[in-house]
Amino acid sequence: SIGPRPNLKQQDAVIVEAHLKGLTAHPSSASLTTLLSPYSGFQDAANVPAALRGSYAGAAYMAGYLKDLGINTVEFLPVHETSNAVPTTSGPGAKYWGYWTYGFFAPDRHYASNQALGGPTTEFKNMVAAFHNAGIEVYLDVVYNHTGEGGTQGSGTNVAEIDCFRGLDNTSYYTVDPTNKASYADDFGGTFSGVGDDLNAGLAPVQQM
């Protein structure tokens, strides 16, 4: 269960945009009640257990604090399954922002404190329920124009990873170079999004997905 959705009118949304991990990354999130004690109006704030910082479970503890700030909508940057080969921390190649999605319908395991089978999904649902119970809507930033597949990226070869829909049917999902269907239209100076693996929204499998 994800709790009772607030169903706020969109024009009434007071939105905070947040990175799931970054929301509780700072150590101060574990001492919110102490830090806020001199100020009135933060009766719903709670300390995030140190072991849960950076996780869905940790983010759930922020619901009361955001409510007291007057926030009624939290918009998370991508939380979908992405490259798990590199830790989601800052630095070259870290994929911190999560815009190279592998699975649009699966919560990223990096953000789960519970790594057991089904744990990330349950933890994500519990987080959403915590926000809903506090009267806060949850928006997700979803980038459907490309995936984490990656192209040949102008390397001059036809060698490319198979990480996402290329493994099902490359030409049924992506915008390919009409003269070389093994390559994406963006790989060699195309005029698309610049990420290489553009999904082709004119194709039925993409529309159905």
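# Close-up views of a predicted protein model

**View 1. Three aromatic residues gather in one cluster.** Tyr-56, Tyr-111 and Phe-124 form one aromatic cluster. Rings of Phe, Tyr and Trp (its six-membered ring) pair if their centres lie within 6.5 Å; planes under 30 degrees apart count as stacked, over 60 as edge-to-face and the rest as tilted. This is a predicted model: local features need pLDDT of at least 70, side-chain atom pairs count only at pLDDT 80 or more, and totals for chains, interfaces and linings use all residues. Residues are numbered from 1 along each chain as its sequence is written, and side-chain values use heavy atoms, with hydrogens and water left out.

**View 2. Phe-165 and Tyr-173 make an aromatic pair.** Across the whole structure, a search finds seven aromatic pairs. The ring centres of Phe-165 and Tyr-173 lie 4.6 Å apart and their planes meet at 15°, so the pair is stacked. A pair of aromatic rings is described by the distance of the centres and the angle of the planes. Are Phe-165 and Tyr-173 buried or exposed? Both are buried. Buried means under 20% relative accessible area, exposed means over 50%, and partly exposed lies in between (1.4 Å probe, protein chains only).

View 3. The protein has six helices and seven strands. Helices (H or I, at least four residues) and strands (E, at least two) are DSSP runs, numbered from the N terminus. Starting at the N terminus, the order of elements is β-α-α-α-β-β-β-α-β-α-β-β-α. Of the 209 residues, 43% are buried. Contact means heavy atoms within 4.5 Å. Among contacts with a separation of 6 or more, 64% join residues 24 or more positions apart.

**View 4. Strands S1, S2 and S5 build an open sheet.** The three strands are ordered S1-S2-S5, and their pairing is parallel. Two strands pair if DSSP finds at least two bridges between them. S1 and strand S5 (137–140) are the edge strands, each with a single partner, so one side of each has no neighbour in the sheet. From one strand to the next, the twist averages 25°. Strand S2 (residues 73–76) pairs with S5 in the parallel sense over four bridges. Thr-73 stands opposite Glu-137 in S5. Helix H4 (residues 119–133) packs on the sheet and touches S2 and S5; its direction makes about 135° with that of S5. Axes are lines fitted to C-alpha atoms, for helices over the stretch in contact, and angles run from 0 to 180 degrees between N-to-C directions.

View 5. How many salt bridges does a search of the whole structure find? The search finds two. A salt bridge is a side-chain nitrogen of Lys or Arg within 4 Å of a carboxyl oxygen of Asp or Glu. Arg-5 and Glu-137 meet through their side chains at 2.9 Å, N to O. This pair links distant parts of the chain, 132 residues apart: Arg-5 is in the segment before S1, and Glu-137 is in strand S5. Arg-5 counts as exposed, at 51% relative accessibility. Glu-137 is buried, at 2%.

**View 6. Glu-149 holds a salt bridge with Arg-166.** The closest N and O atoms of this pair are 3.3 Å apart. Glu-149 is in the loop between S5 and H5, while Arg-166 is in helix H5, 17 residues apart. Glu-149 is buried, with a relative accessible area of 1%. Arg-166 is buried too, at 13%.

**View 7. Helix H5 packs against its neighbours.** Which residues of helix H5 (residues 166–173) are buried? They are Arg-166, Asn-170, Ser-172 and Tyr-173. These buried residues pack against S6, S7 and helix H6 (204–208). Strand S6 (residues 176–177) and strand S7 (residues 180–184) pair in the antiparallel sense over two bridges. The two strands form a hairpin, with two residues between them. Asp-177 stands opposite Asn-180 in S7.

**View 8. Thr-101 sits in a loop.** The loop runs between strand S3 (80–81) and strand S4 (103–107). Thr-101 is buried, with a relative accessible area of 2%. Beyond residues up to four places away in sequence, Thr-101 touches His-80, Glu-81, Thr-82, Thr-147, Gly-148 and Cys-164.
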